[in-house]
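Please look over the structure shown here together with its sequence.

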Amino acid sequence: MTEDTAPAGMPRLTKLDHEECLRLISPGGVGRVAFNNPAGPVILPVNYTIEQGAVLFRTALGGPMDSDLRTGIEGADFMVAFEVDHIDESTREGWSVLVRGGAHHITGDVNKSAVESWPGGDRPLYIRISPNEVSGRRIKHT
């Protein structure tokens with residue numbers, strides 16, 4: 001159902017525009033990175049922040065996002081999906097934002113205090129997702 005066709009009192013699913021999507025995910029927090037590796041699709045949670053319109057997160061050297069997100073070709077992108085949502089189970093309302101784009105290992109200067117990593121440990125590898133597409137949806141009862 002869309003906002004235009006849902007009867008009164010029923011859930012309404014609406015598309016979010018680009019600006020609203022970025023506003024919702026801009027506080028940072030926890031998101032999920034989805035990508036393919038040699039064994040098949042993988043989805044991993046990460047702590048992230050938004051910097052200059054791009055998603056930034058950090059991870060461990062030698063982990064799946066280290067080797068699996070390297071193309072081996074200078075300047076080539078490894079395409080990934082990144083998802084953030086907020087769901088209120090008691091009201092059955094919430095939103096979801098999907099960012100798709102190229103993942104880049106950052107080798108230069110980076111604001112190292114920008115991303116706190118909850119798991120702790122040594123996580124010196126920073127990865128930036130440069131969005132090609134940002135989309136989202138909201139479900140709300142009216």
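The points that follow are grouped by topic, after a few sentences on the basis of the model.

This is a predicted model, in which local features need pLDDT of at least 70 and side-chain atom pairs count only at pLDDT 80 or more, while totals for chains, interfaces and linings use all residues. Residues are numbered from 1 along each chain as its sequence is written, and side-chain values use heavy atoms, with hydrogens and water left out.

**Confidence**
- The protein has a mean pLDDT of 84, with 82% of its residues at 70 or more; pLDDT is the predictor's confidence in each residue, from 0 to 100.
- Confidence is highest in helix α1 (residues 18–25), at a mean of 96, and lowest in helix α2 (residues 64–67), at 76; helices (H or I, at least four residues) and strands (E, at least two) are DSSP runs numbered from the N terminus.

**Strand pairing**
- Strand β5 (residues 78–88) runs antiparallel to strand β2 (residues 29–37), to which three bridges join it, and Arg-32 stands opposite Glu-83 in β5; two strands pair if DSSP finds at least two bridges between them.
- Strand β6 (residues 93–106) also pairs with β5 in the antiparallel sense, over 11 bridges, and Gly-102 in β6 is the bridge partner of Met-79.
- Four residues lie between β5 and β6 in the hairpin that they form, and Arg-92 in the turn has a positive phi of about 60°.
- The C-alpha atom of Arg-92 is separated by 8.7 Å from that of Pro-11, although the two residues are 81 apart along the chain.
- Pro-11 is found in strand β1 (residues 11–16) and counts as partly exposed because its relative accessibility is 26%, where partly exposed lies between buried (under 20% relative accessible area) and exposed (over 50%), with a 1.4 Å probe and protein chains only.

**Helix α1**
- Cys-21, Leu-24 and Ile-25 are buried in α1.
- Seen down the axis of α1, its buried residues fall within an arc of 90°, so they line one face of the helix; the arc is that of the directions from the helix axis to the C-beta atoms.
- Exposed residues Glu-19 and Arg-23 are carried on the face of α1 turned away from its buried side.

**Second largest pocket**
- Among the 14 residues that line the second largest pocket, Pro-45, Val-46, Asn-47, Ser-117 and Pro-119 lie nearest its centre; a pocket is an open set of points on a 1 Å grid over the protein atoms alone, where a 1.4 Å probe fits, with protein on both sides within 12 Å along at least five of seven lines, and lining residues have an atom within 4 Å of a point.
- The largest share of this lining, four residues, comes from β3, and β3 (40–51) and β4 (54–59) each supply at least two residues.
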